[in-house]
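The following exercises are to be worked through with the structure in view. Each task is followed by a solution in steps.

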Amino acid sequence: MTRPASITPRAQVLRGDFLKGWGIPAFRGAGPLLGLVLWLASTGEVEAAKIGDLAQVRWTDQAIRFITLADPAVRYACLGTVLLGVSCGLLGSFLVVRRMALLGDALSHAVLPGVALGFLWNLQKDPLVIFVGALAAGLAGAASVALITRTTRLKEDTALGMVLATFFGAGLCLMSMFQRLPTGNKSGIDTFLFGQAAALGPGDVGLMATVAGLVVVTLALGYKEFLLVSFDPGFARVLSLPTRGLERLLLLLLAFAVVSALQAVGVVLVSAMLIIPAATASLLTDRFHRMLAWSAAIGALSGLAGAFLSFLGTRLPTGPFMVLSAGVLFGLALVFAPGRGLLPRWLRQRSNRDRVARENTLKAIYQVLEAGGFTSESVPLEALAARRRVAVSEARSETRSLVVAGFATVVGDAVLLTPSGWQRACAIVRNHRLWELYLTHAASIAPDHVHDDAEKIEHVLGEATVRELERKLPKIDVDPHGRPIPSIPVPAAVPRSGGGAGERPVGYGGRRP
Amino acid sequence: MTLVPEFQYQRVFIEPWTTELGSHGLMALVTFLVGATCGLIGNFLILRRMALMGDAISHSVLPGIATAFLLTGSRGIGAMALGAVGAAFTTHLLIEIISRHSRIKPDAAIGIAFSTLFAAGVVLIAVFADRVDLDQDCVLNGELPMIPLEPSVRIGGLVLGPPPLVRLGCLWVGTVFLLLAFYKELLLSSFDPGLAACLGIPVGRVHHGLMLWLAMAVVASFEAVGAILVIALLILPGATASLLTEKMVPRLVWSLVHAALSAIAGMHLSVALDCSPAGASVVAGAGWFACAWVFSPVGGLIPAWWRRRRASSGGGGTVTGGD
């Protein structure tokens, strides 16, 4: 996009008075960032107008130019997109946890008429005027949504969609009128639709830095209150926190962030920069403060990536590339996030399934041994297959996975449990029969109705639960079907000593009430 | 040159209906067809609280359309249907995957899916600008002013009008026909999905059919009004109608009336201000909504206020009399 030459002197004037005027007081909390802004703003003013004036560029040259931060335009673009990512990421987290993602969408589309009116004010791109106009329009949009849902029977989603599209339509009307003017097409207003990081000037970056500083400081000061209002508004009211005021403050900050981001990411897609980094962060952590940090980092990263990609061509808009990068990061988090990603979850499910299958085989082996009165130490594969009601080949593959896990050895057509296999088998059978006993004893369920339940629970009973069962049940040597409940042998014990009916079970760690 | 052209009664109110009927009248007709088709579908979206599904689909058809153009090089009916089906399917799949397999709530899932797809569409258009017959302006504003310039479709000796008009006309007739054929199923599954399922209505299939038809309508409307304004044309007629009446059939009729009125008012507005016709018709539609909001006899602000005042003064009188 051609950067309009006419705005540069104005922007330089702005940079000076803007940062000195009201930028600094609001920004006391983020000194290093401010220093960076000032450094960037004070270096190289001559080349600033050149960016984008070239008709054709090679993408390799552009990539090198971007990576080496060769000129101020690139530096402004980097700084601006990082600041944008941080403020949008932080505020977007509140939207996402409060399930108000679409309010951000409506708010960000509703600013367009304000942007157009801001341009009309003095027919040039004045960041401050546009900021004020867009802010007013965005807040008017949010207010109309509230008014419509309060006074009509229309639901919030309908009101949001309506306000979003109507305000946007009004903005397009104003812009099409504006573009008829002789200066209209050169003004750079169309970069506000899809964003153009290359068109960021010192004034824009100063505005973004101020907003980001304001957001960071406000959230840091009122973190506890904002957290409470977002997660438990009822409790916040009980504590007589000013919930309405806090919510309005949050909305105002949101509008600030959206409006300051317009030049870089565009009206159409700024809502995505609110939602996607925050949603990605929510996949990565459970704690809200960590989510805020992740969200700001992901926002900044995708902002940078978008700026980089849009620098590679001549007329490429920044917003879509930024959102696409954020979307890719989200996709990566969805698949690979530790603990909750699709891949780790699938692996965990698979290993659980394998464990359950192994435990079922061990239990069947125990039952075959038990049916033989524990006279032999080996179990023929045919007997195991009959017990499991599967083909012999399937029983063979089941025992193979036991061998891999170190629970059994196979000699010819017979399976022998190792000490650890025997211990595990006893534990599973014990879990099963204890649970049956518990159900008949404590829940008064008929003995013929307890097996299926125990069949599921035996794999997930933890040690603590087993101990509690042992404490609560008065007699734990025989299950409701009259079979002995085995104790857990010490690993070195031989199978035969395990489950004699007359032997007193000792339980985990020998504890017994 | 001034921002707002001088107002001339002749130019604003007479010429669109006489000498300019071929261009302005045609644009108004196209806008009406878009508003009528989308408005009929939108009524059911509002009932099902799926207004934002319209938002999602209207954004996410963009990569479908761009890909279809890239692959076929035309904007024929086949490419259009292909783009619509592909887009609807992808959106649905992404939203399902995200909201079912992670802790992300449905609203955020919708937002993520459609904005990423929309961004992908804009990137496709920007990167392959020389090969796609679309630009970013068309994505937002539509190409209503271009439509009268296209050569007309002729069948035999009959001149039917430019291709988009014919397409939208067919789509509108199809929508009305489908609505008549499946009215009972749509109505019941929107109001009471449980009962509908009990009565053997395939609720899931009705839902998917509605989504697919919505995607078709959005894609067909795309070249007229662009990807974002179509949301207004989906929601505004139904929302206005729901303020005017409580019954479903009158609602559908009112939404057609709203589409017609906003097409006409939008035409005059765009001539008067010399601005984008699609934007103008959305603004006009919002104006009609505001009228219904304030003056509707059913629940409008002024009648409700009047009734409250009368009730409170009358009620207050009887209470004092009783005491």
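In a grouping of residues by class, Ala, Val, Leu, Ile, Met, Phe, Trp, Tyr, Cys and Pro count as nonpolar, Asp, Glu, Lys and Arg as charged, and the others, Gly among them, as polar. The model under study is predicted.

**Exercise 1.** Describe the largest pocket and the classes of the residues in its lining.

Solution.
- Step 1: The volume of the largest pocket is about 740 Å³. It is lined by 22 residues, of which A:Leu103, A:Ala142, A:Ala146, A:Glu247 and A:Leu251 are the closest to the centre.
- Step 2: At least two lining residues come from each of α4 (72-97), α7 (127-151) and α13 (243-265) of chain A. The most are given by α7(A), with 8 residues.
- Step 3: Sorted by class, the lining holds 15 nonpolar, 1 polar and 6 charged residues.

**Exercise 2.** Determine how helix α11 and helix α15 of chain A cross, and which residues meet.

Solution.
- Step 1: The axes of α11 (residues 223-231) and α15 (residues 288-311) of chain A come within 12 Å and cross at roughly 100°. Therefore α11(A) is roughly perpendicular to α15(A), as angles of 65 to 115 degrees count as such.
- Step 2: From α11(A), A:Tyr223, A:Leu227 and A:Phe231 meet A:Phe288, A:His289 and A:Leu292 of α15(A). This contact has 5 nonpolar, 1 polar and no charged residues.

**Exercise 3.** Characterise the aromatic pair of A:Phe94 and A:Phe288.

Solution.
- Step 1: Over all chains, the structure has 14 aromatic pairs. In the pair of A:Phe94 and A:Phe288, the centres are 5.1 Å apart and the planes 75° apart, an edge-to-face arrangement.
- Step 2: A:Phe94 belongs to helix α4 and A:Phe288 to helix α15 of chain A, 194 residues apart, and the pair thus links distant parts of the chain.

Methods
Residues are numbered from 1 along each chain as its sequence is written. Chains are lettered from A and ligands numbered from 1 in the order in which they are written. This is a predicted model: local features need pLDDT of at least 70, side-chain atom pairs count only at pLDDT 80 or more; totals for chains, interfaces and linings use all residues. Side-chain values use heavy atoms; hydrogens and water are left out. Axes are lines fitted to C-alpha atoms, for helices over the stretch in contact, and angles run from 0 to 180 degrees between N-to-C directions. Helices (H or I, at least four residues) and strands (E, at least two) are DSSP runs, numbered from the N terminus. Angles under 35 degrees count as roughly parallel, over 145 as roughly antiparallel, 65 to 115 as roughly perpendicular and the rest as oblique. Contact means heavy atoms within 4.5 Å. On a 1 Å grid over the protein atoms alone, a cavity is a set of points where a 1.4 Å probe fits but cannot get out, and a pocket is an open set with protein on both sides within 12 Å along at least five of seven lines; lining residues have an atom within 4 Å of a point. Grid points are joined across faces, edges and corners, and a volume is the space filled by probe spheres set on the points. Rings of Phe, Tyr and Trp (its six-membered ring) pair if their centres lie within 6.5 Å; planes under 30 degrees apart count as stacked, over 60 as edge-to-face and the rest as tilted.
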